[in-house]
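Here is a short report on one structure. Keep the model open while you read.

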There are 2 protein chains.
Amino acid sequence: MDILPYLKEISKKTPSKILLVVLDGVGGLPREPGGPTELAAASTPNLDRLAQSSALGLYTPVFPGLAPGSGPGHLALFGYDPLKYQVGRGVLSALGLGIPLGPDDVAARGNFAAFDPEGRVLDRRAGRPSTEENRRVVARLREAIREIDGVAVEIHTESEHRFVVVLRGEGLGDAVSDTDPQVTGVPAKEAEAVGGDEPSRRTAAILNAFARQARQILADEPVINGVLLRGISKRPNFPALGEVASLTPAAIASYPMYRGVAELVGMHALDLDTSEDDPDRPRAKLEAIRSNWQAFDFFYLHFKKTDSKGEDGDFEGKVARIEMFDRLLPELLDLGPDVVAITGDHSTPAVLKAHSWHPVPLLIFGPHLRNDAARRFTEDEAQKGILGQLRGTELLPLLLAHAGKLQKFGA
Amino acid sequence: MDILPYLKEISKKTPSKILLVVLDGVGGLPREPGGPTELAAASTPNLDRLAQSSALGLYTPVFPGLAPGSGPGHLALFGYDPLKYQVGRGVLSALGLGIPLGPDDVAARGNFAAFDPEGRVLDRRAGRPSTEENRRVVARLREAIREIDGVAVEIHTESEHRFVVVLRGEGLGDAVSDTDPQVTGVPAKEAEAVGGDEPSRRTAAILNAFARQARQILADEPVINGVLLRGISKRPNFPALGEVASLTPAAIASYPMYRGVAELVGMHALDLDTSEDDPDRPRAKLEAIRSNWQAFDFFYLHFKKTDSKGEDGDFEGKVARIEMFDRLLPELLDLGPDVVAITGDHSTPAVLKAHSWHPVPLLIFGPHLRNDAARRFTEDEAQKGILGQLRGTELLPLLLAHAGKLQKFGA
């Protein structure tokens, strides 16, 4: 459900401030039936106190059963229907590496692959090389390929077999099909302009030339002797939150992916002091919010490590990251936000070591709350909350409403 | 919300098995305020035990307030948005009678009606004749009308005033309007090709000829002296569950309607031993699942009599059918399904003697469940369940997710 056109009609600028805290992948599962989840196992006196004066619920960012990637999960939190506002794989990979993309640039996700002498794909991931090996091959390609047909070609290591290629130039299109056949035993496909427009035809020709040149350059390599490309895409042109929700939003995130997705919806990603040891940089984030408090009215504050620990299957580590956030919470509240929301972009239960489809607990603190039976910010307690089960784009309008930023809908 | 295109992108084939039990019309209402519903009144020790290790919720197949027919209710359970994937009334009636329909065939729902000498409709249902009387009139028509314009014409008794006419031939269309004017005192309408395409024009002409001939043949009848036709339709061409959800699905149902709707989404309807006295054939169904356990990975198991007893207003009879299912449950669980869902396609409260719009209790048993406060499979307890309130197409993705059959959505 795309609610943005309706919000655009009724949102208004006010001085009230909204703080949206995203504890990445915070939702969890018990290790054994009846046991506590990561949130329930954590000692969180500050979150508990806040929960007792807040409204709680459970939030499904995309759709029941669907485990969201970081892109769709965050777009939902920002009010953008992730089934409608889709971001190409190439662009997401570039954002994740912090590679700036202009409106004319095209990004593609690449796999280093192994081909047989007849040019058929033997292994789509070339035996999953080390990231170091990836860097060595990327260096060879960079040395040999700098531009094709007047368009600058940039090649970046992602990890293992994955890389990103960015084309920078005028007159490029992204209605271009993948070269990755998704199966072995057949040759790579030719990239094709699926809509037949001239900019996409030119882009397809450049990427096909890139793939041919890579095969020639890597012909003497023992394993990685070619590339497969997919997710060929330009930075999408989404409406900005300033325009649709009358907000001046800031993003406080230390990982490039989240800064990038926030910038796609028009947030200003604040600079952070990078001297802090913890890669989540909690002190630097707090300091960045504090020193920019007057300049913005919507603060998206992201913490990554709850998800990372879940992905690692480290239940206790995830508990510790939740407790770390709990210790930071009083200083955040001292800033005096009018509305605070705390939730996640998806669940990442340590027992699954992966993003999951389970709803994420959601807490909203602010004025005009109804009474609420939930006593803690946990999955079980959130299920008792007055907010019930919310989906996709339903969160942003609630935050705007509690902050007094929405007019009546209709007369 | 049509979720199928998204599921198609992320579903994958795995060995895990899903059992979806549909207790038709199982949701109910108390006979007096505060009293038990049919489910709450039933003694269900096995369901109770299962509920205590499952996740529960309430499920609304179509939309709050809408009492689903069997077709829409089941399509929703299978993941097909019933507001989008519509089945014509003629086709549904044919499916209910177990009449096979090829892709070129056209089915229409017919009413035997009474007309005055000037050809105006006196009674759209001809005084609701007995089904036996219907059979006598159908025999007269069958005797006289076998084909029109080279197209085979089949006439089948449904019940009382209702019959089905099936046209079998090449080059037929179904963009054809009803002949039933829905009011009395006016003549029947002529069927018209609403889109103006040639196959639909031909079909309209054949059905108009059929209606004229029926009036001539039945001119000497005391009451039933004509027909009205509506819901002129071909078997819809829905995507198959195998294609969109990577499933190999089987249907275990004894009534033709449910076998037919399951076949519309590409399920294989298993043959059942018909010697069992009970028309719901519980033993035969169990045996059919058991002997086909290896060949399929999704089993839709349907029981009809909970609905029939509700339609009859027989509260105690419905309770008895719920208890019958409870006794069968341990043998179903012994098969070792990875994921089990138990629910209904709608509620049929005995006090209403009809399908109702009330949500149906839903139980999901399987891996990766959160803790749940619901202790029994009843309406009241399901309301406390961790699944909350689910709608329409939200069930299938959840079952696929718990069975490990969905990849992450987006990067």
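Which residues of helix 14 of chain A are buried? They are Leu395(A), Leu396(A), Pro397(A), Leu399(A), Leu400(A) and His402(A).

## Ground rules

This is a predicted model, in which local features need pLDDT of at least 70, side-chain atom pairs count only at pLDDT 80 or more, and totals for chains, interfaces and linings use all residues. Residues are numbered from 1 along each chain as its sequence is written, while chains are lettered from A and ligands numbered from 1 in the order in which they are written.

## Helix 14 of chain A

Helix 14 covers residues 395-402 of chain A. Six of its eight residues are buried, so this helix is mostly covered. Helices (H or I, at least four residues) and strands (E, at least two) are DSSP runs, numbered from the N terminus. Gly404(A) follows helix 14 of chain A, and its phi is positive, near 75 degrees.

## The sheet of chain A

Eight strands of chain A form an open sheet with mixed pairing. Their order is 10-9-11-1-12-13-2-14. Strands pair if DSSP finds at least two bridges between them. Strand 10 (268-269) and strand 14 of chain A stand at the edges. Each has a single partner strand, so one side of each is left without a neighbour in the sheet.

Strand 9 (residues 249-252) of chain A runs parallel to strand 10 of chain A, and two bridges join them. Ala251(A) stands opposite Ala269(A) in strand 10 of chain A.

## Two domains in chain A

An automatic or database domain assignment supplies the bounds. In chain A, domain 1 is 4-86 + 237-402, and domain 2 is 92-234. Their C-alpha centres lie 35 Å apart. Five residues of domain 1 of chain A are in contact with five residues of domain 2 of chain A. Contact means that two C-beta atoms, placed from the backbone, lie within 7 Å. On the domain 1 side, helix 9 (residues 256-264) of chain A gives the largest share, four residues.

## Two buried residues

Where is Ala126(A) found? Ala126(A) is in the loop between strand 4 (121-123) and helix 6 (131-144) of chain A. Ala126(A) counts as buried because 26 other C-beta atoms lie within 10 Å. Beyond four places in sequence, Ala126(A) touches residues including Phe112(A), His161(A) and Val223(A).

Val164(B) sits in strand 7 (residues 162-168) of chain B. Val164(B) is also buried, with 26 other C-beta atoms within 10 Å. Among the contacts of Val164(B) beyond four places in sequence are Gly90(B), Leu97(B) and His156(B). The C-alpha atoms of Val164(B) and Leu229(B) are 8.8 Å apart, although 65 residues separate them along the chain.

## Where the chains meet

The contact takes 29 residues from chain A and 20 residues from chain B. On the chain A side, helix 4 (70-77), helix 5 (89-96), helix 13 (379-383) and strand 14 (388-391) each supply at least two residues.

A rotation of 126 degrees with 0.0 Å of shift along its axis superposes chain A on chain B, with an RMSD of 0.1 Å.

Definitions and conventions
A residue is buried if 20 or more other C-beta atoms lie within 10 Å of its own, exposed if 12 or fewer, and partly exposed in between; C-beta atoms are placed from the backbone. Copies are superposed by least squares on the C-alpha atoms of residues with pLDDT of at least 70 in both.
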